[in-house]
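Here's a quick briefing to read with the model open beside you. Keep the viewer handy and click along as you go.

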Amino acid sequence: MMMSAEELRQRATDLRLKRATAGDELLAAIEADVSEYRAVRDAHPRQIPPDYLVARLPLMGWLIYEATWNAVQRVQPAYEFLGGEREAASRAAAGLIARVAEAARALPWPEFAPRALGALRAQALAASKRDTQAGYDEAWLHHHEVSEKHNDFVQSHAGEESRAPYLLALDEVLLQLALAETGTACRTAERVVGRWSEGLDEASWTGEDEEYWIARMFRELTDGIKIGERALDVAAKIDREYGFVSQVDEHRLAMHTSYQNPGIMTARAVLLALAMSAEMERMGRLMPDETPWDVARTDLLGRFVKAYRSIEKDVLNDADEPQPPKFEHLRSIIQIRLNLALLAPGYPLPSRWTFVPCLALDPLDDAAVEAMSTWLSEAGDGGRQRGDANVIGSATMPAFITSVEACRALLASPAYAVAHQEVTGGYRDWRRRWFVLDRHAAETGRRERVEKRLGPLDDAS
């Protein structure tokens with residue numbers, strides 16, 4: 001017997017509030033219900049589901065969304081190389097996600113269960129967490145699939161006033177789909193650029209592989225930026241027409257932080273693409289629209305600033321009172337500002353946030369770099385180092401390192417360039433002095449591998 005609307009609602013709520021864990025019993029219940037839904041459609045083919053399924057389908061979509069999000073958080077990075085119980089648990093969670101995603105694909109009238117698209121998002125995230133080339137390829141297939149389905153669902157409801165709740169639901173789920181797609185682009189770059197010395201799939205990379213990966217990552221980052229910007233536009237529309245909420249329920253998904261998460265990922269993607277732009281130019285590659293590289297870099301900086309400003313928007317509670325940012329968002333914004341300071345030294349970027357002194361430093365010159373590096377390296381409230389410097393603090397890919405240095409010369413503010421005769425060398429110097437900000441700093445032999453890659457390019461290829 002299929003789950004009632006109330007049972008679907010309760011199960012989804014329990015997962016959202018972490019009172020339950022997605023497992024085999026829930027998976028079997030979802031698969032059984034989807035089979036029953038399909039039997040109803042096959043027995044009585046119709047464009048619109050019967051009323052009792054109209055009530056259930058959105059809730060089933062929410063349950064599928066929550067179940068796969070619950071499971072994806074149990075998939076550990078690079079899990080195929082972990083061995084033992086951690087690998088087994090990750091594989092089990094990834095397998096559960098894959099089965100729920102198949103149930104989502106099998107749903108009849110899927111446009112009435114918009115949040116079920118979250119299962120395909122989770123499948124992409126789990127694939128990217130394999131941290132292998134095959135995993136990244138699989139992730140992008142899922143991203144493209146879910147994008148096409150989302151567009152189809154929007155078209156199926158367009159022009160029908162009574163379908164407004166479904167269109168809102170599709171807008172809200174798009175924020176999560178975009179976050180995942182932009183995140184995959186960034187994750188690929190983080191893995192490849194930061195793990196070049198160790199290899200991918202236990203392969204030994206050489207200079208011959210660099211052009212392939214730079215071109216691939218730049219293309220994926222460009223796509224990620226576009227979907228991230230679309231998400232920010234959709235967030236603005238939701239904010240304007242409906243407002244955000246403090247708690248996810250069956251009716252609403254977009255929370256008060258809906259600007260910050262896509263803003264952070266979009267800003268990161270822009271900075272990664274910007275860091276690779278000099279190498280793309282050296283390789284003789286063109287922007288997709290054949291924009292000259294000097295114009296493209298200026299455009300990327302403008303798009304970065306737009307994404308950055310969305311991160312610093314006030315997060316309001318239901319009483320329209322501004323709330324302090326989560327620590328993770330504060331750390332991200334300092335990482336982002338540090339990244340820009342290293343790529344475009346002296347760039348003016350005043351911050352609206354005053355929660356830590358290093359945010360008050362503007363322009364982003366050497367003093368700002370040192371202050372932000374210090375803040376990240378210090379112990380936080382839990383006694384652990386606050387953070388690393390993300391990709392730019394962990395790079396061992398020679399082409400990326402030389403591209404960053406070339407960007408420093410191309411993007412340095414006039415005042416900074418006048419004050420510094422040698423603009424390019426500052427990045428390698430900073431990497432050596434702030435090795436503690438390498439996200440893999442604690443690994444045996446990491447410093448030696450980093451030093452090798454920071455040496456002359458001829459010695460690091």
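Predicted model: local features only at pLDDT ≥ 70, side-chain atom pairs only at ≥ 80, totals over all residues.

The largest nonpolar core holds 78 residues, a second, separate core has 54, and the salt-bridge count comes to 38.

**The second largest pocket**

- The volume of the second largest pocket is about 330 Å³.
- Two elements each give two or more residues to the lining of this pocket: helix H3 (51-72) and helix H7 (164-194).
- Helix H7 is the top contributor to that lining, with five residues.
- There are 13 lining residues, and Pro58, Pro165, Ala169, Glu250 and His251 are the ones nearest the centre of the pocket.
- Sorted by class, the lining of the second largest pocket comes out as nine nonpolar, three charged and one polar.

**Nonpolar cores**

- As a general rule, nonpolar side chains in soluble globular proteins tend to be buried together.
- In the largest core, with its 78 residues, Ile334 and Phe400 are the two that touch the most other members.
- Helix H9 (residues 260-282) supplies the largest share of this core, 13 residues.
- If you'd like to see what Phe400 packs against, skip its neighbours within four places in sequence and look for contacts with Val193, Leu272, Ala275, Met276, Val391, Ala395 and Tyr427.
- Ala103, Phe112, Ala113 and Tyr166 are among the members of the second, separate core of 54 residues.

**A buried serine**

- Ser373 sits in helix H12 (residues 366-377).
- Is Ser373 buried or exposed? Its relative accessibility is 0%, so Ser373 counts as buried.
- Leaving out residues up to four places away in sequence, Ser373 touches Leu338, Trp430, Trp434 and Leu437.

- Asp137 pairs with Arg216 in a salt bridge, with the closest N and O atoms 2.8 Å apart.
- Asp137 belongs to helix H6 (residues 133-157) and Arg216 to helix H8 (residues 207-241), so this pair ties together parts that are 79 residues apart in sequence.
- Asp137 counts as partly exposed because its relative accessibility is 34%.
- Arg216, at 4% relative accessibility, counts as buried, because the cut-off for buried is under 20%.

- Glu198 and Arg449 form a salt bridge whose closest N and O atoms are 2.7 Å apart.
- How many residues apart in sequence are the parts that Glu198 and Arg449 tie together? The figure is 251, because Glu198 lies in the loop between H7 and H8 while Arg449 lies in helix H16 (residues 446-454).
- Arg449 also forms a salt bridge with Glu443, where the closest N and O atoms are 3.8 Å apart.
- Relative accessible area is 26% for Glu198, so Glu198 is partly exposed.
- Arg449 is partly exposed too, at 25%, and Glu443 is partly exposed at 32%.
- Zoom out a bit and you'll find Arg195, Glu198, Arg431, Asp438, Glu443, Arg446 and Arg449 linked in a network of salt bridges.

Note on methods. Residues numbered from 1 in each chain as written. Heavy atoms only, no water. 1 Å grid on protein atoms, 1.4 Å probe; cavity = no way out; pocket = protein on both sides within 12 Å on 5 of 7 lines; lining within 4 Å. Points joined across faces, edges and corners; volume = space filled by probe spheres on them. Helix = DSSP H or I, 4+ residues; strand = E, 2+ residues; numbered from the N terminus. Nonpolar A, V, L, I, M, F, W, Y, C, P; charged D, E, K, R; others polar. Core = buried A, V, L, I, M, F, W, Y, C linked by side-chain atoms within 4.5 Å. Buried < 20%, exposed > 50% of the residue type's maximum accessible area, 1.4 Å probe, protein only. Contact = heavy atoms within 4.5 Å. Salt bridge = Lys/Arg side-chain N within 4 Å of Asp/Glu carboxyl O.
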